[in-house]
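These are my notebook entries on a structure I looked up. I set down what I checked, in order.

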Amino acid sequence: MSSRLAAVSLLLLAVPAFAPPAASTPPAAAPAAADAAAIAPSALKLDVNMRAWYVAPSGDLQFPGAGRDELTLESLNADSPRLAPYGQAFLTSDPWMVSLSGFGFSSERSGTSAFAASVGPLAIAPGDRLTTSLEFQSAQALLGYRLFAQSAPDWLRLWALAGLTVHSIDASLTSGGLTVQSDQTAVEINGGGMVGVNFIPELGADLWRTAGGGADSFSFDLATAFTYRPLPWLNIHAGYRFMAVNIEDGSGTQRFRWDGSLAGLFFGLGLRF
């Protein structure tokens, strides 16, 4: 009997040694954990936006040989809006971003002159037939760094931007079988910022602003867009863009100058890869 009691006692003493350890309660997450996760570095993402910009040009145009006379695009009947292709791509690996964008505008308008002017070989009189051609392209490359991000309920983000912009303009004026023409290219260093907010996970808005200049030009660019994302890889967006541009070349009677702007609504689709 004593041997049986001893065996049972040894068995009872051995059970705790082989029992699984008691589950421990994990410590409560720190209040800032959710915010830290919201702004943690993310995987590489590529967004490609394809847009149509209903844009109207405006401003003063001076051709070489025109002396100090400046012609307005309104007086040349060249300020009507046109649809222009406008694309933008973002490569993002938070907190860094690379943005590549560009657009091209082309317009050719004919009308009857309501003014008298001497532009190079052209002697324009009221009633003369005028044909004005204007082509303008702009491409921009920006590097962005996220300065701030706030998590739900309103996810807010702020980016600093810096980069290069290249403008190209080709303008001509034809009357009486004669043409005066000038084409210029300008390279600028730009800086600015972007503010973005998500109202709900599927709906957000962005506001861009850049400005800069080069040896013969200056520009100011402001754009805002509202974006709806029905699917993780698809977005539908619409917005407004205003770009003010001043491009000059030469001096005196041989100076070319366009001091104007491009503005209008845009809409498009975007894909995420």
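The entries below cover aromatic pairs and one arginine.

I worked from a predicted model, in which local features need pLDDT of at least 70, side-chain atom pairs count only at pLDDT 80 or more, and totals for chains, interfaces and linings use all residues. Residues are numbered from 1 along each chain as its sequence is written, and side-chain values use heavy atoms, with hydrogens and water left out.

Entry on aromatic pairs. I found eight aromatic pairs in the structure (Phe, Tyr or six-membered Trp rings with centres within 6.5 Å; planes under 30 degrees apart are stacked, over 60 edge-to-face, the rest tilted). The ring centres of Trp53 and Tyr86 lie 5.7 Å apart with planes at 45°, so this pair is tilted. Trp53 belongs to strand E1 (residues 45-62) and Tyr86 to strand E3 (residues 82-93), 33 residues apart; strands are DSSP runs of at least two residues, numbered from the N terminus. Both Trp53 and Tyr86 are buried, meaning under 20% relative accessible area with a 1.4 Å probe, protein chains only.

I next looked up Phe136 and Trp258, whose ring centres are 5.4 Å apart with planes at 65°, so the pair is edge-to-face. Both Phe136 and Trp258 are buried. One aromatic cluster includes Trp53, Tyr86, Phe136 and Trp258.

Entry on Arg257. I located Arg257 in strand E13 (residues 256-272). Arg257 counts as buried because its relative accessibility is 14%. Beyond four places in sequence, Arg257 touches residues including Asp60, Glu70 and Glu248 (heavy atoms within 4.5 Å).

Definitions and conventions
Helix = DSSP H or I, 4+ residues; strand = E, 2+ residues; numbered from the N terminus. Buried < 20%, exposed > 50% of the residue type's maximum accessible area, 1.4 Å probe, protein only.
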